[in-house]
Amino acid sequence: MYKGFLHTHYLVVTLFLVIYVIKTILLLSNKNDLLQTFTKKVKVIEMIVSSLFLITGIYLITQTPLGGAYDHLLWIKLGMVLVSIPLAVIGFKRHNKILAALSLLLITGSFGLAEVYHKKKAVAAPANTHSEVAMNGQSLYEANCKVCHGSDGKAMLSGAPDLTATALDKNQIKDIILNGRNLMVKVNVSDTEADLISDYVLNSIKGK
Ligand code: HEC
């Protein structure tokens with residue numbers, strides 16, 4: 001659903017810009033007759049495109065997780081789009097080249113800003129920072145291992161050994177988690193999760 005809206009948004013924004021650029025060029029080069037014909041020809045398409053532009057844009061904004069460091073870029077972008085619309089309407093109506101050009105500048109600028117926003121956001125989103133790993137490992141351990149080994153690893157329930165005294169390395173622990181051993185049945189977690197849990201056992205439980 002989100003992807004569909006995003007692709008539609010990109011498509012209609014591109015169409016919108018193409019129409020806009022052509023109109024502005026015609027206006028700036030004094031081809032007023034051509035401009036009139038072109039405007040008439042694309043009138044319906046333009047109406048559909050700009051409605052879709054707004055609908056998909058509003059939907060995407062409601063789906064954007066706010067609260068990031070780059071939110072202001074999003075608001076500036078929105079402001080630029082909103083200001084450019086009346087400028088364009090007045091500019092083309094009165095054949096005012098400065099207003100029309102300014103409006104096009106704002107629209108393309110907001111397009112560029114949107115790109116910057118998404119790039120910055122992608123960079124800002126941390127790929128498993130250290131504390132996140134520790135937290136995930138811990139919550140996975142609590143959910144899957146605590147019943148027998150206890151939060152501190154010392155519970156030794158159901159015949160489980162004391163994990164604080166384990167001599168195993170990471171791969172051996174992972175192997176036990178994923179495949180089980182004797183009395184310990186295998187635990188239903190993914191390879192990555194087993195990785196996180198093993199790190200947690202070695203870094204936060206062993207030796208405590
Ligand atoms: C149902 C109880 C139970 C659960 C749940 C459980 N274990 Fe165990 N675990 C055991 C038992 C019993 C053994 C001893 C197995 C044996 O005798 O070989 C054991 C052994 C181990 C060992 C070997 C320790 C050593 O030094 O030889 C490790 C490491 C271990 N468990 C880690 C985990 C982790 C991590 C989880 C969670 C992902 C987990 N276990 C979940 C019961 C459990």
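Trainee: How many salt bridges does the count come to in this structure?

Mentor: The count comes to six salt bridges. Please bear in mind that this is a predicted model.

Trainee: Which residues are linked in a network of salt bridges?

Mentor: The network joins K170, K174, D191, D195 and D199.

Trainee: With which residue does D199 form a salt bridge?

Mentor: D199 pairs with K170, and the closest N and O atoms are 3.1 Å apart. Because D199 lies in helix 9 and K170 in helix 8, this pair ties together parts that are 29 residues apart in sequence. D199 counts as partly exposed, at 24% relative accessibility.

Trainee: What is the N to O distance in the salt bridge of D195 and K174?

Mentor: The distance there is 3.0 Å. This pair, too, links distant parts of the chain, with D195 in helix 9 and K174 in helix 8, 21 residues apart. K174 has a relative accessible area of 15%, so this lysine is classed as buried.

Trainee: Let us turn to the nonpolar residues. How many residues has the largest nonpolar core, and which have the most contacts inside it?

Mentor: The largest nonpolar core has 19 residues, and those with the most contacts inside it are F16, Y20, F53, F92 and I107. At least two residues of this core come from each of helix 1 (2-28), helix 2 (32-41), helix 3 (43-63), helix 4 (71-93) and helix 5 (97-124). Helix 1 gives the most, with eight residues.

Trainee: Which residues does F53 touch, not counting residues up to four places away in sequence?

Mentor: On that basis, F53 touches H9, V12, V13, F16, V81 and I107.

Trainee: How many residues are in the second, separate core?

Mentor: The second, separate core has 14 residues, including L140, V187, A194 and Y200.

Methods
Residues are numbered from 1 along each chain as its sequence is written. This is a predicted model: local features need pLDDT of at least 70, side-chain atom pairs count only at pLDDT 80 or more; totals for chains, interfaces and linings use all residues. Side-chain values use heavy atoms; hydrogens and water are left out. A nonpolar core is a set of buried Ala, Val, Leu, Ile, Met, Phe, Trp, Tyr and Cys residues joined through side-chain atoms within 4.5 Å. Buried means under 20% relative accessible area, exposed over 50%, partly exposed in between (1.4 Å probe, protein chains only). Helices (H or I, at least four residues) and strands (E, at least two) are DSSP runs, numbered from the N terminus. Contact means heavy atoms within 4.5 Å. A salt bridge is a side-chain nitrogen of Lys or Arg within 4 Å of a carboxyl oxygen of Asp or Glu.
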